[in-house]
Amino acid sequence: MEKHMAVCPYCGAGCKLNLIVEDGMVIGAEGLDGVTNEGELCLKGLSGFDFINDTKILTPRILHPMIRREKGGELERVSWDEALDFTAKKLTEIKEKYGPDSIMLTGSSRGPGNEANYVMQKFTRACVGTNNIDNCARTCHGPSVIGLMDTVGSGAMSVSIPNMENADLILLFGYNPSASHPIVARRIVKAKEKGAKIIVVDPRAIETARIADLYIQINNGCNLAFMNAFANAIVSENLHDIPFIEAHTTGFDEWWNTIKNYTPESVADICGCSAEDIRKAARMYAKAPNSIIGWGMGVTQQCQGVKTVHQIAAIACITNQIGRDNAGLAPVRGQNNVQGSCDMGMWPSWFPGYQKVEDPANREKFEKAWGLPAGSLPAKPGFKLTDLPHGVKEGKIKAFYNFGEDPLQTEPDSNDMRETLENLELLISQDIFMTQTTALADVVFPGTSWGEHDGVFSASDRTFQRFTAAVPPKGECKHDWQIFSELSTRMGYPMHYEDTKEIWDEVRSLCPNFYGATYEKMDGAGHAQWPVPTLDCPGTPTLYKGGQFTTPDKKARLLAHDFIEPTEMPDDSYPLVLCTVREVGHYSCRSMTGNCKVLAMLADEPGYVHMNPADAKTRNIKDDDLVWVSSRRGKVITRACLDERINKGAVYMTYQWWIGKCNDLTMHATDPLSGTPEDKYSACEVQNIEDQVWAERHMQSLYTALKDRLAAEAAPQNIVPASEAQ
Amino acid sequence: MNTFIAIEPDRCIGCGTCLAACSYGHRMAGLQAEPRLALTITPQVTAALTCHQCEGAPCLAVCPVDAIRRTDDAVIVNEQTCIGCKLCAVVCPFGAIHPSGTSTAGVAGISYPTPTQPKSTSPLLAWNIGVYVCAVKCDLCSTLGPDEEPHCVEACPTKALFVRDATTLTGNRKDKMIAAVAANQIMMDRSTNLKEG
């Protein structure tokens with residue numbers, strides 16, 4: 001039996017663990033004493049390892065490169081040389097015919113790690129010659145990144161996860177840590193036991209609401225109105241810190257000019273709560289010695305996500321609840337390495353280390369480091385991930401290189417997304433599983449899985465941690481950074497790296513804030529929290545100490561905006577609000593966790609639509625019944641869970657299910673400032689099904705057909721190419 | 001006296017890590033992979049509940065084939081002897097016993113289940129084609145060594161689960177009585193508006 005150190009690949013908490021290996025198979029996981037998890041793991045960390053072994057519970061792993069010689073043809077297994085030559089030729093043709101900006105790429109915020117992503121963006125910028133690279137932060141915490149950059153200068157958590165348990169007050173706004181990050185929820189339970197006050201503001205009575213000192217049940221889609229009123233209450237009751245505002249912020253008067261109109265009384269109807277509760281929460285938050293605001297997708301997946309983040313940050317600034325170890329901002333990241341993708345410049349306007357592509361000095365620096373002629377790096381920010389559907393419709397995007405994501409599962413309006421992917425001239429999918437997206441690809445590159453490669457992840461609180469390979473790569477799987485390097489070399493920009501350390505050292509040399517995060521510092525259960533500018537810097541758990549913001553003038557910019565209603569309000573045909581949420585035992589598109597024995601057994605298709613018993617009763621729906629959920633985009637079958645914790649008039653579906661697929665129903669409307677979809681608010685209706693046995697069989701047949709289709713799509717990989725047959 | 005697993009609901013976050021650890025541990029011991037704990041959720045409470053290992057265990061008393069026996073600590077089902085009659089599940093006052101079987105469907109992705117009733121059917125009445133069921137219940141991880149904690153207690157990330165036996169309970173009762181005096185006074189202030197409702 002061997003043990004190999006790793007970092008859990010299932011959320012931004014960054015839990016250190018050992019993978020236990022016997023006879024080349026990963027057979028278990030155990031917690032290690034990492035900085036955020038202190039030896040604890042949640043069910044995903046504990047039971048989420050056996051997908052590596054290719055269990056084929058949900059869909060098979062991809063072990064050999066495959067191509068479709070003609071659009072719409074069958075996949076065919078070929079040698080790596082042939083697959084890479086084919087792809088290089090196709091990409092080069094598209095680049096020459098339509099220009100480099102017709103090629104779009106997306107990084108992977110999941111298992112691959114920072115090094116693979118760095119090499120991918122280098123390939124994108126230096127070889128393809130475009131800034132069309134993005135990552136799944138676009139669909140999740142993109143508004144937090146953008147909003148916080150605007151207001152306080154850095155798009156990450158200002159506090160660290162361990163320090164959350166020492167706060168005097170934690171306000172959770174649109175964030176359900178028990179499902180999203182159990183190991184962060186653990187810190188909140190500990191904070192409560194140490195005497196912290198907890199406030200929860202959420203339309204659902206989430207787990208934390210049970211232990212909250214104040215729980216405010218708000219209407220869906222009222223965030224900015226609520227936060228404006230919260231800020232109004234602080235100032236009108238003189239709870240703001242005037243000396244701090246004068247010394248460390250700009251724009252207060254103009255900000256107040258908007259905020260003064262939002263008295264709690266004036267928005268109580270919009271928010272569905274009492275004005276007094278808003279005032280009470282504001283008082284508790286402002287008066288506590290150290291308060292932290294935690295928020296999640298409830299804030300960001302809305303049409304006013306960025307604007308709400310501006311307001312949350314402004315509230316922390318005007319009350320001086322920021323810049324201390326136990327006071328600040330906590331947008332806790334969803335995917336395990338979505339912080340890392342942003343760190344590595346998988347973003348259409350940034351090089352690695354948040355260095356703007358529009359700044360000529362930055363381009364010059366990267367041109368020099370990457371051995372490029374002066375003026376060759378593109379200056380124009382590229383497309384966002386959510387530009388893909390209309391980019392393809394308008395003929396601007398011709399090729400899409402999908403790296404370890406499954407947009408057909410995780411992006412809104414999947415029927416539209418399918419059409420988008422089918423209309424591309426070239427779809428490349430580099431993944432470990434035959435996902436629904438990979439099944440449409442013209443080129444399938446098998447990357448190595450988490451557990452088969454080394455690297456560094458960035459946890460949600462800016463903590464770099466190393467993970468290592470536990471087992472050798474299966475089949476012909478190659479490390480992701482090798483695939484990018486070999487493709488780049490074929491396309492005329494040679495790249496070669498020996499190992500991930502060589503790549504990481506290049507990242508460090510180009511990103512001043514990461515320079516001190518050496519592999520040595522991150523040995524074993526070690527970590528390095530950025531900014532870590534020098535080799536002897538121990539890392540920086542807390543940002544903005546002493547009110548020193550990282551904006552150009554070191555001051556926070558207070559920004560206020562008026563509230564507008566969500567895009568698609570419920571009406572007679574679709575009277576319920578659909579809000580998409582997260583399954584605790586599954587992760588992202590579920591290709592990994594759905595192939596783990598224990599996790600697949602604990603929760604399987606079609607998932608649940610959670611609804612208030614009153615809404616179920618009027619529709620003649622019983623607990624555990626299969627039901628139809630429909631919207632203007634589509635109709636899916638799922639199972640009803642009658643749940644008194646759910647507010648009336650709204651229903652909640654987790655986005656992990658391939659049959660009970662909520663993204664067949666969601667709408668592609670985005671926040672204009674970030675391009676983030678409004679997944680938290682669309683109109684739907686739920687209908688009962690009379691014949692439940694028929695429904696059970698129908699659901700099962702859909703699931704079986706989908707699994708069969710994916711297995712069939714992957715099957716050509718078992719046919720050895722004639723050239724290798726002898 | 002009986003030893004059992006108790007839960008502190010204010011620490012439980014409903015994540016189900018205990019269920020995962022229970023399933024894995026029992027599967028590795030060659031037993032049914034079905035979790036022995038049940039996550040119970042009401043507006044006010046979230047708690048993983050399991051068997052109390054009752055001293056006068058009614059499940060043991062009614063078993064027609066003596067598949068249930070008592071060890072020093074726990075009341076244990078012999079999954080091989082059990083005939084799946086479900087009497088024990090009917091008489092259990094805590095709903096802590098239910099039937100479970102290993103389906104042959106889904107093995108290696110070659111065959112699939114054919115549902116024959118709605119999911120809302122009581123587990124005592126539900127059946128699946130080709131699946132032979134037996135009773136499953138918490139056995140305090142009887143296959144572990146004497147110094148090892150049950151899988152769920154070990155795995156709980158918020159340390160909400162405790163093994164309660166003679167020693168822990170004696171000490172605890174005194175602490176509790178002292179704490180109760182104080183708690184009575186602060187209870188209204190400490191409680192959430194959810195609990196008040």
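Contact here means heavy atoms within 4.5 Å. By that rule F123(A) touches L91(A), L105(A), V128(A), Y401(A), F484(A), L487(A), S488(A), M491(A) and M495(A), leaving aside residues up to four places away in sequence. This is a predicted model, in which local features need pLDDT of at least 70, side-chain atom pairs count only at pLDDT 80 or more, and totals for chains, interfaces and linings use all residues. Residues are numbered from 1 along each chain as its sequence is written, chains are lettered from A and ligands numbered from 1 in the order in which they are written, and side-chain values use heavy atoms, with hydrogens and water left out.

F123(A) belongs to the largest nonpolar core, which has 72 residues. Such a core is a set of buried Ala, Val, Leu, Ile, Met, Phe, Trp, Tyr and Cys residues joined through side-chain atoms within 4.5 Å. Buried means under 20% relative accessible area, exposed over 50%, and partly exposed in between (1.4 Å probe, protein chains only). F123(A), W370(A), Y401(A) and F445(A) touch the most other members. Helix α3 (residues 114-128) of chain A gives this core the most, eight residues. Helices (H or I, at least four residues) and strands (E, at least two) are DSSP runs, numbered from the N terminus. A second, separate core of 61 residues includes F49(A), I52(A), I161(A) and V332(A).

Next comes the meeting of the chains. In all, 45 residues of chain A are in contact with 43 residues of chain B. The two chains bury about 3,500 Å² between them, 58% of it on carbon and sulfur atoms. Buried area is the accessible area (1.4 Å probe) that two parts lose on being put together, summed over both. R210(A), M601(A) and R645(A) supply 17% of the area that chain A buries against chain B, more than any other three residues.

Charged pairs also link the chains. There are three salt bridges between chain A and chain B. A salt bridge is a side-chain nitrogen of Lys or Arg within 4 Å of a carboxyl oxygen of Asp or Glu. K159(B) and E40(A) form a salt bridge, at 3.3 Å from N to O.

Over all chains, the count is 50 salt bridges. E165(A) and K194(A) form one at 2.7 Å. E165(A) sits in the loop between α4 (142-151) and β8 (169-173), and K194(A) in the loop between α6 and β9 (197-201), so the pair ties together parts of chain A that are 29 residues apart in sequence. E165(A) is buried, at 8% relative accessibility.
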